[in-house]
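Trainee: I am new to this structure. Please show me how to read its features, one at a time.

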Amino acid sequence: MKRFMAMLKSSKSQDPPPGQLLELAEQLCRDLQGSESPALEQLVAAVMGCKHKMYFLTNIHIVRACVTVHIRNGQHDTACRLLEYCKAEEKQELVQLWYEIHYRRVMEKRHLDFLTPLQRFRCRKRNPPPLSLCPEGLKNRNYSEKVRQQLHRFAAEVTANPNKKQREGLAQDMNLQPAQVYNWFANYRRRRKS
């Protein structure tokens with residue numbers, strides 16, 4: 001840790017800082033990950049306070065350490081902003097960290113030790129990650145408007161309970177799997193009953 005702090009101090013005027021500094025910070029974050037050591041807080045404070053902060057935030061291990069410390073200190077908004085602007089390449093892991101921040105926020109607010117799968121699902125729906133983490137957008141599990149219209153039209157005009165041959169024809173027409181068509185009609189009938 002002392003070596004990192006000395007290197008950080010001596011590289012203040014260098015732009016960008018030496019690659020060894022980033023490697024040393026990554027190694028320290030890996031070694032201190034999961035511990036409640038004050039050294040991790042000191043490391044995060046040094047990284048977040050230096051002028052090369054964005055350089056450090058290209059490394060997923062350093063980002064994870066910073067987010068962990070911010071969550072531990074109850075600084076959820078700061079952790080979210082850090083994720084929004086960091087330049088780490090591991091987008092999937094950044095999205096997981098984004099959700100973890102919001103899970104912790106809900107658990108603290110409701111004084112819970114854990115969240116059920118339904119609570120986690122609701123939390124994810126209420127707090128979608130920003131476009132900087134999901135440039136292609138979140139996966140949408142709903143069918144397009146055109147597909148839904150075709151399915152509704154078939155249910156209204158032909159039958160709400162198609163046989164196997166009809167389901168396979170619909171699936172082929174709409175580029176879906178027969179199981180998807182089967183499930184859509186099963187859910188459609190269930191919704192109409194209730």
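Predicted model: local features only at pLDDT ≥ 70, side-chain atom pairs only at ≥ 80, totals over all residues.

Trainee: Which elements give two or more residues to the positive patch?

Mentor: Two helices do: H7 (91–110) and H8 (117–126). Lys 109, for one, is found in helix H7.

Trainee: Is Lys 109 buried or exposed?

Mentor: Lys 109 has a relative accessible area of 70%. The cut-off for exposed is over 50%, so Lys 109 counts as exposed.

Trainee: Now the inside. Which residues touch the most other members of the largest nonpolar core?

Mentor: That core has 45 residues. Those touching the most other members are Phe 4, Phe 56, Ile 62, Val 63, Val 67, Leu 83 and Leu 94.

Trainee: Which helices each supply at least two residues of this core?

Mentor: Go along the chain. They are H1 (2–10), H2 (19–32), H3 (38–49), H5 (60–72), H6 (76–85) and H7.

Trainee: Which helix gives the most to this core?

Mentor: H7, with nine residues.

Trainee: Next, salt bridges. What is the general idea?

Mentor: Side chains of opposite charge can pair when their charged atoms come close. The cut-off here is a nitrogen of Lys or Arg within 4 Å of a carboxyl oxygen of Asp or Glu. By that rule there are five salt bridges.

Trainee: Which salt bridge links distant parts of the chain?

Mentor: Look at Arg 64 and Glu 93. Their side chains meet at 2.2 Å, N to O. Arg 64 is in helix H5 and Glu 93 in helix H7, 29 residues apart. Glu 93 is partly exposed, at 29% relative accessibility.

Trainee: How should I read a salt bridge within one helix?

Mentor: Count the residues between partners. Glu 100 forms a salt bridge with Arg 104, and their closest N and O atoms are 3.4 Å apart. Both are in helix H7, four residues apart, so about one helical turn separates them. Glu 100 is partly exposed at 27% relative accessibility. Arg 104 is partly exposed as well, at 35%.

Trainee: How many residues apart are Glu 145 and Arg 148 in helix H9?

Mentor: Three, about one turn of the helix, which covers residues 145–157. The side chains of Glu 145 and Arg 148 meet in a salt bridge at 2.6 Å, N to O.

Trainee: What is the relative accessibility of Glu 145?

Mentor: It is 45%, so Glu 145 counts as partly exposed. Arg 148 has a relative accessible area of 30% and is partly exposed.

Technical notes. Residues numbered from 1 in each chain as written. Heavy atoms only, no water. Buried < 20%, exposed > 50% of the residue type's maximum accessible area, 1.4 Å probe, protein only. Core = buried A, V, L, I, M, F, W, Y, C linked by side-chain atoms within 4.5 Å.
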